[in-house]
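Here is a short note for your first look at this model. Please keep the structure open as you read the points.

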Amino acid sequence: MNKQAQAVVLFLFGGAILKASLTDLYLRYVQEALRPFLIASGALLVFAAAATLWYDLRRRKDPDEEHHHHHEPRVGWLLILPVLGLLLIAPPALGSYTAEQTGTVQIGAESDYPPLPEGDPATVSLLDYASRVIYDEGRSLTGRRLQLTGFVAAGGDGVPMLARIVVSCCAADGRPIKVGLTGGPPMDVPAGTWLQVTGTYTDKRGKDPVNQADIAFLQVHEWQPVSPPKQQYE
């Protein structure tokens, strides 16, 4: 590709990164803390595109510059297709399909669990709840009403589960954390529906059918559909 074509591709790619990072779109792919680096990267690519185009136009106007015209393969323009895909198509965040096809994340134990946050019910992440159940035998959960938020995923034998995707860096390393749901009103909602579930600790355990890891359960009192949160990953 010639310099002008390279500048176009750089500009579109940088623009796609800026579009994602200046909105909440980037949260589907990376952690929130990476936003400044994405903005800097997108701006650098746009600057590189402008510099490339400026250099090429100046070179063409220079009468002392010897020009050699080359006919580059037209197939090179196909490189723009993935760039347009980034601009026009926004794949959703990882969800129920990933959770059902991947084993629950292996949770690490903590030496000491802090008290639950104040409030009734106490808002707890799925990862924190599962860790307290499996490694602390639910001691820090007993006697409290709890509120968990996640999307519905099908478990073994049709048992409904509440799940979230846990990421260390970006969606590429995402793994699900699953909490089984028992009791409460029947859940007649499709997989992938986001729910806010209120319940209490139960010592019921299960096994993930994918990797046989332990799965904590929550005794459900009530639930309600909610909109997906801004930050869908834990």
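1. H1 (3–21) and H3 (80–88) each supply at least two residues of the lining of the second largest pocket. Keep in mind that this is a predicted model.

2. Which helix gives the most to that lining? H1 does, with four residues.

3. Now look at the pocket itself. The second largest pocket holds about 260 Å³ of space. Its lining counts 14 residues. Nearest the centre of the pocket lie Ala16, Ile17, Ala20, Tyr29 and Leu86.

4. What kinds of residue line the second largest pocket? The lining has 13 nonpolar residues and one polar residue.

5. Turn next to the cysteines. How many disulfides does the structure hold? The count is zero. Take cysteine 169 and cysteine 170. The sulfur of cysteine 169 has its closest cysteine sulfur in cysteine 170, at 3.9 Å. A disulfide needs the two sulfur atoms within 2.5 Å, so the distance of 3.9 Å is too far for a bond.

6. Cysteine 169 has a relative accessible area of 37% and is partly exposed. Cysteine 170 is at 22% relative accessibility. Buried would mean under 20%, so cysteine 170 also counts as partly exposed.

Methods: Residues numbered from 1 in each chain as written. Predicted model: local features only at pLDDT ≥ 70, side-chain atom pairs only at ≥ 80, totals over all residues. Heavy atoms only, no water. Buried < 20%, exposed > 50% of the residue type's maximum accessible area, 1.4 Å probe, protein only. 1 Å grid on protein atoms, 1.4 Å probe; cavity = no way out; pocket = protein on both sides within 12 Å on 5 of 7 lines; lining within 4 Å. Points joined across faces, edges and corners; volume = space filled by probe spheres on them. Nonpolar A, V, L, I, M, F, W, Y, C, P; charged D, E, K, R; others polar.
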